[in-house]
Amino acid sequence: MSQEPSISLIICTYNRAEYLSDSLNTLIQSARGRSVEILVIDNNSSDNTRKVCQEYSAKTEKTGDDLALHYVLETNQGLSFARNRGIEEANAPVIIFLDDDITVPSSFTDSWLSFFADHPEARAAGGKIHVQFDDPRPKWMSDFLLPLLGHHDHGDSIKPYSNRNYPFGGNMAFKAGIFDEYGTFNTELGRIGSDLKASEEKEFFRRLQQDGVKIYFVPKALLYHRVNKSRLTKDYIRRQAVGLGQSIALQMKRKPGSRKITTIFKEVGKWAATIALFIFYSFKLQGSKGVMLLKFRYWILQGISSLNRT
């Protein structure tokens, strides 16, 4: 790379070499001809992730343009550790975090570059994510469960997120200096191997919002999150829900009493909404969708209880 990159695209990965190869292929096509670095943070994969990265790194070197791909091994297990390592390794003033199982349109990189050029005041943002099903969608999966698979869409206009709404971790962007001011991702939260704890990006975005930092939704920065049959099982949804509940419990432990009560009331409200949806789907003769939503809410409660017992 003949000059400093204008943007760092960071993919944190764990044993997803097959998907990673497709992700890098579309990402490189989108970034080609731009001053961009792609960082793949390997979080102790046991498959051929390193080989895939070496092959694509060699391809980018042959192009002779200002696109570079670097492989980094992070041995501390956990998504938050991998993201924080990406922050350390990044050389660009703008950092974009991406999942390892995505495809992007050719306009993706330009969309992010254009946004930050047109909005120099922006320090944090999130892009649109649509789900791409590689296998048939189960009948019991309602639209309300799609965010568990990465779906994230707030319309077609650039706008600040409302209070307590945040980008999804699979397509989020930051000015690099923001981490010097607000710290990095909480390593007690986030996925650790097959343990599906969550909320590490939410916790970080809350820090920003509490200090008045605007976080923008960028609809043109669209990508597709691929979902195969392994994520279309009830057990996967259960593990997601339990992990979410455990993350809620971890955050509650640090909150003062009044905020804990607020969180409890929110969970009660979500139960009420879930029961209403169960009745709605029952009337539409789609009872399996309503039952699954009730199970999902129950599994979150199990996650909260399991961590509180320990």
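1. Helices are DSSP runs of H or I with at least four residues, and strands are runs of E with at least two, numbered from the N terminus. Just after α6, glycine 212 adopts a positive phi of about 85 degrees.

2. This is a predicted model, in which local features need pLDDT of at least 70, side-chain atom pairs count only at pLDDT 80 or more, and totals for chains, interfaces and linings use all residues. Residues are numbered from 1 along each chain as its sequence is written, and side-chain values use heavy atoms, with hydrogens and water left out.

3. Helix α3 (residues 79-89) buries Leu79, Ser80, Ala82, Arg83, Asn84, Gly86 and Ile87. These residues pack, by contact of heavy atoms within 4.5 Å, against β1 (7-13), β2 (36-42), β4 (94-98), β8 (171-175), α5 (178-182) and α6 (200-210).

4. In helix α4 (residues 108-118), the buried positions are Phe108, Thr109, Ser111, Trp112, Phe115 and Phe116. Viewed down the α4 axis, they fall within an arc of 165 degrees (taken from the directions from the helix axis to the C-beta atoms), so they line one face of the helix. Ala117 and Asp118, on the other side of α4, are exposed (over 50%).

5. Isoleucine 275 lies in helix α8 (residues 257-283). Its relative accessibility is 41%, so isoleucine 275 counts as partly exposed (between the buried and exposed cut-offs).

Terms used: Buried < 20%, exposed > 50% of the residue type's maximum accessible area, 1.4 Å probe, protein only.
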